[in-house]
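This note sets out comments on the model shown below. Please read each point alongside the coordinates.

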Amino acid sequence: MGASKKDTDKRLGRRALLLGGAAAAVGTAVLARDELAHLWWRLPGVEKPRVAGAVDFRGARWVAASPANYRRADRPDDYSIDRVVVHVTQGGFSSAVKAFQDPDHRAAAHYIVRKDGRITQMIRELDVAFHAGNREYNERSVGIEHEGFVERRSSFTDAMYASSARLTAGICRRYDIPVDREHIIGHVEVPGTDHTDPGPYWDWDRYMKLVRQASSTKV
């Protein structure tokens, strides 16, 4: 004797529920696997050794940012690095350092370049700095702040351009990043951002020429 429509509907309902649950479980498993792929380095003996006060750019001075303003990681093994993001502090050097050391600020870049060309590193390139306002771009990029204001052409000195170009060239060499405007971008070019830096007075042609020159120099 055939099943009634009511019984059939019940079986179909249970089947849909089971399939839906299985799909949800698979989705959760995929998400968990993706997250675990970025956490395997935390196993004992796997994480790269860290030295307190070490810098990634020779000549940089180390000043630590608040741990609240970045996420500990093991790049490029867990997240590949394929971008450099150029920022402007909209203030002086000291105020930028103070902000990056403030746990309530919730943002910081890896480096700050001063007007006199001196470079301060505040977050290791290994780690994900909260600088771009876009999680994906944070995970894949190194952020460089430049002391000054977007509306002041005088903020961008010869020493700053030259020093920042050497820094960017070194980052590009380390991670095999192409030296072009697709991979060296301004904060304004990050998807979803409401920032305008580095602004209209940042000379991209000059900067890219200096980065290419520094990239071709053997170190």
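The numbered points below cover the sheet, the cores, the helix packing and the backbone.

1. Basis of the comments. This is a predicted model, in which local features need pLDDT of at least 70 and side-chain atom pairs count only at pLDDT 80 or more, while totals for chains, interfaces and linings use all residues. Residues are numbered from 1 along each chain as its sequence is written, and side-chain values use heavy atoms, with hydrogens and water left out.

2. The sheet. Helices (H or I, at least four residues) and strands (E, at least two) are DSSP runs, numbered from the N terminus. Six strands form an open sheet of mixed pairing, in the order β1-β5-β4-β7-β3-β8; two strands pair if DSSP finds at least two bridges between them. β1 (61-62) and β8 each have a single partner strand and stand at the edges, so one side of each is left without a neighbour in the sheet.

3. Strand β3. On one flank, β3 runs parallel to β7 (residues 141-146), and four bridges join the two strands. Here Arg 83 stands opposite Ser 141, and Val 84 stands opposite Val 142. β3 also runs parallel to β8, to which three bridges join it; in this pairing Val 86 is opposite Gly 186. Arg 83 and Val 85 point one way from β3, Val 84 and Val 86 point the other way, and all are buried (under 20% relative accessible area; exposed means over 50%, and partly exposed in between, with a 1.4 Å probe and protein chains only).

4. Helix α2 on the sheet. α2 lies across β1, β4, β5 (119-121) and β7, and runs at about 170° to β4. Axes are lines fitted to C-alpha atoms, for helices over the stretch in contact, and angles run from 0 to 180 degrees between N-to-C directions.

5. The nonpolar cores. Which residues touch the most other members of the largest nonpolar core? They are Tyr 111, Leu 167, Ile 171, Trp 202 and Tyr 207, in a core of 29 residues. A nonpolar core is a set of buried Ala, Val, Leu, Ile, Met, Phe, Trp, Tyr and Cys residues joined through side-chain atoms within 4.5 Å. At least two residues of this core come from each of β3, β4, β7, α4 and α5, and α4 gives the most, with eight residues. A second, separate core has 13 residues, including Phe 93, Ala 99, Phe 100 and Ala 129.

6. Surroundings of Tyr 207. Not counting residues up to four places away in sequence, Tyr 207 touches Val 86, Tyr 161, Ser 164, Ala 165, Thr 168, Ile 184 and Trp 202. Contact means heavy atoms within 4.5 Å.

7. Packing of α4 and α5. The axes of α4 and α5 are 8 Å apart, and the two helices pack at an angle of about 55°. That angle makes α4 oblique to α5 (angles under 35 degrees count as roughly parallel, over 145 as roughly antiparallel, 65 to 115 as roughly perpendicular and the rest as oblique). The crossing of α4 past α5 is right-handed; a crossing is right-handed if the near helix is turned clockwise from the far one by less than a right angle, and left-handed if anticlockwise. The α4 side of the contact includes Tyr 161, Ala 165 and Arg 173, and the α5 side includes Tyr 207, Leu 210 and Ala 214.

8. A buried arginine. Is Arg 124 buried or exposed? Arg 124 is buried, with a relative accessible area of 16%, although its place is in the loop between β5 and β6 (128-129). Leaving aside neighbours within four places in sequence, Arg 124 is in contact with Ala 54, Asp 56, Trp 62 and His 110.

9. Cis peptide bonds. The bond from Arg 75 to Pro 76 is cis, with omega near 0°, and Pro 76 lies in the loop between β2 (70-71) and β3 (83-86). The bond from Asp 197 to Pro 198 is also cis, with omega near 10°; Pro 198 is found in the loop between β8 (184-186) and α5 (204-215).

10. Positive phi values. Arg 106, a residue other than glycine, has a positive phi near 60°. Arg 106 is found in the loop between α2 (93-100) and β4 (111-113) and counts as exposed at 54% relative accessibility. Asp 176, likewise not a glycine, has a positive phi near 55°. Its place is in the loop between α4 (158-175) and β8, and Asp 176 counts as exposed at 69% relative accessibility.
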